[in-house]
Amino acid sequence: MELHIAKDPAQLSENVAAWISNYILEVLQDQERFTFVLSGGSTPKQLYALLAKAPYNQMIPWEKLHFFWGDERAVPFTDERNNARMAFDELLNKVNVNPEHIHVMRTDIEPEASAAEYAQLLQSYFSEEENTFDLVLLGMGDDGHTLSLFPGTAVVHEKKDWVKAFFLPAQDMYRITLTAPVVNNAACVVFLTTGAAKAMTLKNVIEGTFDAEKYPSQLIRPEDGELHWFVDEAAAAAMEL
Ligand SMILES: O=C(O)[C@H](O)[C@@H](O)[C@H](O)[C@H](O)COP(=O)(O)O
């Protein structure tokens, strides 16, 4: 695991934008496509906005990128809580992506059907590959969740299925999410975490004993891929380092 500490959220977004674009270019020296999982949440918003602007909008060969999502809230695409919608608004509508390479988790059908369809799509995408995604971008909630793997939910224990749908009573909403096994098969996973409200949780996730039921972000440990945490000073404040 590699920890990258930035001064503040703005600096963090700058660092991650530069890091990600270099990584994309490097990977594309050896292959024709780059598969990229986007996350929801507020932290990546600034990153997406930066990637949509110079120099990154010029530097990245957008037509070679294939986009996926880590999780989705089962609300219509037009709802501003929809994770895909945010990424379209901030990034995908602004760069030269092939629309056929954008794979949203559908919310216009039943959540279970959407999860099954997504799992099938991923299986056909990666059937011939050693790893799954080239890059998975993740956020961590104040409670230690990542994706829609919330503390105390059954999906935290999923060992086999790549995509799950379930009802989250606390939010009165269905969620569709990738599971830890498929993310842990990715070539590279990047967490973005900022703010003092996450400092204690971040310390427990990174430095504490393993308790995935309580801190589902601890489940994310790529088997043979890279794991990077990009955090700001406020989020890093409780860690011993
Ligand atoms: O749909 C979601 O809720 C997200 O995908 C979720 O997993 C998110 O990444 C974290 O909650 C962090 O969110 P913030 O960046 O807003 O803190």
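Which residue in E7 stands opposite arginine 73? I looked this up and found arginine 175, with strands here being DSSP runs of E of at least two residues, and helices runs of H or I of at least four, both numbered from the N terminus.

Before going on, I noted that this is a predicted model, in which local features need pLDDT of at least 70 and side-chain atom pairs count only at pLDDT 80 or more, while totals for chains, interfaces and linings use all residues. Residues are numbered from 1 along each chain as its sequence is written.

I then followed the sheet, an open one of three strands in the order E4-E7-E6 with antiparallel pairing, where two strands pair if DSSP finds at least two bridges between them. At its edges I found E4 (71–73) and E6 (163–168), each of which pairs on one side only. For E4 and E7 (residues 173–178) I recorded three bridges in the antiparallel sense.

Next I turned to H5, which lies across E6 and E7 and runs at about 160 degrees to E6; contact requires C-beta atoms, placed from the backbone, within 7 Å, and angles run from 0 to 180 degrees between N-to-C directions of axes fitted to C-alpha atoms, for helices over the stretch in contact.

Last, I checked asparagine 98, which sits in the loop between H4 (83–92) and H5 (111–126).

Methods: Two residues are in contact if their C-beta atoms, placed from the backbone, lie within 7 Å.
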